[in-house]
Amino acid sequence: MTETGGFVNNALNTDAIKKSMATTLGADPNFGSLVNGAVDSCARQIQNDPAYSVAPISSSPDRAGCSFIPQGFVNCMYTTLFKSCPAAVWTESSDCQALKTKLDSGCPFFLLMGRGPRQ
């Protein structure tokens with residue numbers, strides 16, 4: 001997110017995120033109309049959650065500093081887009097319904113998928 005300007009000075013830049021996503025998922029006619037709303041909604045959610053208001057972890061000689069804001073935002077995006085998946089691309093299966101039910105109950109997408117954000 002920092003490479004595209006979507007995360008600068010420990011804050012989300014929704015304009016830069018939208019611009020970046022317009023050429024990827026936002027270019028997909030099935031998801032294009034959902035992307036900007038999901039970006040705004042997730043940015044608001046992260047910015048209003050006191051858990052994300054902590055100072056970022058400082059860097060040290062053996063590791064880079066980091067913030068939990070980007071991971072929380074990306075997790076929210078995955079969750080929001082999965083739960084709002086357009087019918088044209090939705091796979092109707094018991095596994096997809098089970099995942100949607102778990103997400104509706106508040107389970108984090110990355111935890112359910114067994115991985116963190118892509119590097």
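Helices (H or I, at least four residues) and strands (E, at least two) are taken as DSSP runs and numbered from the N terminus. The structure is a predicted model, in which local features need pLDDT of at least 70 and side-chain atom pairs count only at pLDDT 80 or more, while totals for chains, interfaces and linings use all residues. Residues are numbered from 1 along each chain as its sequence is written, and side-chain values use heavy atoms, with hydrogens and water left out.

Ser 67 is located in the loop between H2 and H3. With a relative accessibility of 18%, Ser 67 counts as buried, a class defined by under 20% relative accessible area, against over 50% for exposed and the range in between for partly exposed (1.4 Å probe, protein chains only). A polar contact of 3.0 Å connects the side chain of Ser 67 with the side chain of Asn 10; such a contact is a pair of N or O atoms within 3.5 Å, where within protein one must be able to donate a hydrogen and the other to accept it, and residues adjacent in sequence count only if both atoms are side-chain atoms. The Ser 67 side chain also reaches the backbone nitrogen of Ile 69, at 3.1 Å. When residues up to four places away in sequence are not counted, Ser 67 touches Phe 7, Asn 10 and Pro 56, contact meaning heavy atoms within 4.5 Å.

Helix H1 comprises residues 14-22, and Ala 16, Ile 17, Lys 18 and Met 21 are buried in it. The cover of these buried residues includes strand S2 (11-12), H2 and H3. The N-terminal end of H1 is capped by Asn 13, a side-chain oxygen of which lies 3.2 Å from the backbone nitrogen of Asp 15.

The disulfide is formed by Cys 42 and Cys 76, with an S to S distance of 2.2 Å. The torsion about the S-S bond of Cys 42 and Cys 76 is about -80°, so the disulfide is left-handed. Cys 42 is buried at a relative accessible area of 0%, and Cys 76 is buried at 7%. For Cys 85, the closest cysteine sulfur is that of Cys 96, which at 8.1 Å is too far for a bond. Cys 107 takes part in no disulfide, the nearest cysteine sulfur being that of Cys 76 at 15 Å; its relative accessibility of 26% makes Cys 107 partly exposed.

The structure contains 3 aromatic pairs. Rings of Phe, Tyr and Trp (its six-membered ring) are paired if their centres lie within 6.5 Å, and planes under 30 degrees apart count as stacked, over 60 as edge-to-face and the rest as tilted. Tyr 78 and Phe 109 are stacked because their ring centres are 5.1 Å apart and their planes meet at 20°. This pair links distant parts of the chain, with Tyr 78 in helix H3 and Phe 109 in helix H5 (residues 109-113), 31 residues apart. Tyr 78 is partly exposed at 27% relative accessible area, whereas Phe 109 is buried at 6%. Phe 82 and Trp 90 form an edge-to-face pair, with 5.4 Å from centre to centre and 65° between the planes; both residues are buried. Ring pairs join Tyr 78, Phe 82, Trp 90 and Phe 109 into a cluster.

Technical notes
A disulfide is a pair of cysteine sulfur atoms within 2.5 Å.
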